[in-house]
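User: Hi! Could you show me how to read aromatic pairs and helix packing in a model like this one?

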Amino acid sequence: MRIRVILTAALLAATVGLTGLSAQNQSAPLTTADGKPTLAKKHIDNGLDCVACHGEGKKQPVEADKCLECHESFKAVSERTKDMKPNPHANHLVESDGVECTQCHHGHKATTVVCLRCHTNASFDRHKQ
Amino acid sequence: MKHDKDEIAASRRSFLKNSLVAGAVAGVAGLGAAPAAMAQAEAATTEQPAQPKHSWEVAPEPIAASKITQTVDTDVVVVGAGVAGVFAAHAAVENGLKVALLEKFKTFSCRAKDNGAVNTKAHKRQGMHIDEEELAARLISFSQNRVHHKLVRDWVYESGRVFDHYIDMCEANGVSVEVLPEYTVNKITPGFPTAHNFFLKDQAHSNGSEYVPTQVYLVRVVEKSCRDKGVDFHYNTAVKQLLKDKSGRITGVVAKVKGGGYIQFNAKKAVILAVGGYTENDEMLDAWAPWAKFAEVPCYTPIGGNQGEGIAMALWAGASLMKPPFPIMIHTIPAPPLGNDAMAANQTFLHVNKLGKRYEDENQPDPFQSNTRFMQPDRKAWAVFDASYFKDQAPIKTSMGGPVNEPQEALEDSIAKGMAFKGATVAELAAKIGVPAEALEKTVARYTELAKKGKDVDFGKQADRMFPIDTAPFYAVPIKSHLLVTVGSLNVSPEMQCLDGNSNPIPGLYAVGNTMGNFFGVDYPLMAPGISSGRCIVMSHLLGERLAKA
């Protein structure tokens, strides 16, 4: 059952991707396996195109430095997520382990929170008022 | 990355064609003249295998000179900017050497809290003194004599001087230092107060019983000092191969710049490998420390920082491995405070296996609790206690190594998340954790009887660590282990120089930090908290000083 749901979601995502991004002639999925919008979708919704992150010509993987061209810095991002407890952008991985944006955030699939590898039961729910 | 895979693939093909791995080290013309580049000492001295057993026995083709876009000449190349690498670079530059520090990530990395040292100025200020001979003897004994005594003694006797230097530097830069109390566990595993915490007064830091990774304040100061003193930093630069000349001397490295070309670094004096451990390399874990894979939680950072590729490079170049068993660091203590149940390793609780039976004196340092648990059926075990745990444990001095007294609400939170279990009766608890009810009832009753009697005739646990389990509700926390780091791999001389398969020093090649073997044996000792980081700081510093004099 679970597999079928994922398959359906993936198919759906692929279809949406094909049509939704036809203008850019791309086929990246716009929803993750669990039905949430991908980072790519969020960027498109905010008026960006593929080239904004991937560059011109041959498709380039997006390096973390690219993210920070717009999102400024971990410090700036951590300000925006300070309502989260614990704050995923202000911790020892950021301070002293050189964590990269792309270790958690992926353009075309769901976020993988690296904190959870060790802090296995931590939750990073938002607590916005 | 694609490029690298192609190279490895090419080398495998050539391996099959040429049979044995020779000294296929980059930039070498007369490969045949190089000493045997066998991965392991055994292989060099006994029969030669027809097929490689492990991928690291297959050296890749040397990176073509045509790919190298830049050459850097220096005295010392340090590979890896973890704690060991940063301090090696600092000591070398401070003593007049020209140093290049290469790191594949965008910055240095560190993650610890405790930095172990003996009889520093911080000790004096706090009125503490450690008996050096007793500590050295106990460390060597703990390692079952599988270590170079000189390495251990150098740490014990030189750490005061080396730390004083860095304490001065930190204090001049607004970073404070404090020695924390020893980890207290039981009478046969005494603790020494070696842990130095470097911290900022206005920022969170540990008072001894919680983990705040403040080591970054120390390393930041030293990294900045490296810059000020002229270390040539190359972050985002991954070393791919070591260079060896005809005489067998390691003369430098070839590194790949992220998103760029290859640089050749020529090292007049030394290449220092500070490339960490191999916790992320399944093949190396399987071969060298398979029991590490029993740990339920992988707990090491930075991600991608311990893949063992630097160790493989040394093996390609003819370095050998330390003699097994390979020491690793597995802690039962979880990674609090983010949702892990902090009481899993408490020595005050009863430990039962899936048969519902007690199997040990629970009053063990938490890393070694893993060893007995791994011997139980399915490697499963639970810490069992009752409703009066908080009151029972309140008088006990807690520390990082000892029992943690977690408030009831935190425990309830763990229960809600399915990380801990609660039952109105022992039988109900048994059903929840899936052990035979009758056996658990019998075990709990026996433990309670012994606790009340004040004499554990079954396992000899000290009386003040035992409490009756007779007040409902009853609790169980599954005991899990975290693999933190591997703390040694390459075979080194007592001067930290890498050795070949015949135990001859390899000119120009050194290993420090978790890459250096022969400092720890079997398990990581908790008697001297912070000794892992302390070893990185002190031994790297000594190596930098000695290279300058050599």
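Analyst: Gladly! Rings of Phe, Tyr and Trp (its six-membered ring) pair if their centres lie within 6.5 Å; planes under 30 degrees apart count as stacked, over 60 as edge-to-face and the rest as tilted. By this rule there are 15 aromatic pairs over all chains. In one of them, B:Y389 and B:F390 sit edge-to-face, 6.2 Å centre to centre with 85° between the planes.

This is a predicted model: local features need pLDDT of at least 70, side-chain atom pairs count only at pLDDT 80 or more, and totals for chains, interfaces and linings use all residues. Side-chain values use heavy atoms, without hydrogens and water.

User: Which ring does B:Y389 pair with in strand β15 of chain B?

Analyst: With B:Y475: the centres are 6.2 Å apart and the planes at 80°, so this pair is edge-to-face. B:F349, B:F385, B:Y389, B:F390 and B:Y475 form one aromatic cluster.

User: Is B:Y389 buried or exposed?

Analyst: Buried means under 20% relative accessible area, exposed over 50%, partly exposed in between (1.4 Å probe, protein chains only). B:Y389 is buried at 1%, B:Y475 is buried at 2%, and B:F390 is partly exposed at 40%.

Technical notes: Residues are numbered from 1 along each chain as its sequence is written. Chains are lettered from A and ligands numbered from 1 in the order in which they are written.
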